[in-house]
Amino acid sequence: MTDTSHIPPETKSTPELISSAFQNINGLIRGEIALARAETADSLRAGMAGVGLMAGALVMVITALNVFAAAIVAGLAEMGIHPGWAAFATGIAFLLAAFILAKAGKAALDPARLTPNRTAENIRRDAETLKEAYK
């Protein structure tokens, strides 16, 4: 097939114009697919960060449970002497940190943040442009 892109549209035949339109649509679709892939990769990276934060929260919860166990043992052994309550306060601090990490991880995994919004917007604009072109 010969390249007719340098010929003015007024001098092209109908089959050439249709062929050119299909080539443009094909290029547009390929571009949108590439954008969707890029956005999906970005979303996947964000999702992996969320999973990492959730794993960090899990480690901190396990640590907090260990500290609480030590606090109970120390509290029972000493019946209210200061070191046991210090361990208890440390457990509370670990739980607070775990809560913050879990909240941040959950926010990173929010479906609204993981959807390919730019691709959807581009497809809407492309559809509107095609509708206007055929009017």
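**View 1. Buried residues of helix 2 in the predicted model.** In this predicted model, the buried residues of helix 2 are Gly84, Ala87, Gly91, Ala98, Gly105 and Ala108. Helix 2 covers residues 82-108, 27 residues in total. From its first C-alpha to its last, helix 2 reaches 40 Å, close to the 39 Å expected at 1.5 Å a residue.

**View 2. A nonpolar surface patch formed by Val51, Met54 and Leu109.** Together, these three residues have about 230 Å² of accessible area. Met54 belongs to helix 1, which runs over residues 14-78.

**View 3. Met54 in helix 1.** Is Met54 buried, partly exposed or exposed? Its relative accessible area is 36%. Buried means under 20% and exposed means over 50%, so Met54, at 36%, counts as partly exposed.

**View 4. Helices of the whole protein.** The secondary structure consists of four helices and zero strands. Along the sequence, the pattern reads α-α-α-α. Helix 1 (residues 14-78) and helix 2 (residues 82-108) are two of these helices.

**View 5. Contacts and surface of the whole protein.** Taking contacts between residues at least 6 apart in sequence, 74% join residues at least 24 apart. Of the 135 residues, 19% count as buried, among them Gly84 and Ala87 of helix 2. The accessible surface comes to about 9,800 Å². Carbon and sulfur atoms account for 70% of that surface.

Key
Residues are numbered from 1 along each chain as its sequence is written. This is a predicted model: local features need pLDDT of at least 70, side-chain atom pairs count only at pLDDT 80 or more; totals for chains, interfaces and linings use all residues. Side-chain values use heavy atoms; hydrogens and water are left out. Patches are made of residues with over 30% relative accessible area and no salt bridge: like charges are joined within 9 Å, nonpolar side chains (Val, Leu, Ile, Met, Phe, Trp, Tyr) within 5 Å. Accessible areas come from the Shrake-Rupley method with a 1.4 Å probe; for residues, only the protein chains shown count as cover. A salt bridge is a side-chain nitrogen of Lys or Arg within 4 Å of a carboxyl oxygen of Asp or Glu. Helices (H or I, at least four residues) and strands (E, at least two) are DSSP runs, numbered from the N terminus. Buried means under 20% relative accessible area, exposed over 50%, partly exposed in between (1.4 Å probe, protein chains only). The expected span of a helix is 1.5 Å times one less than its number of residues. Contact means heavy atoms within 4.5 Å.
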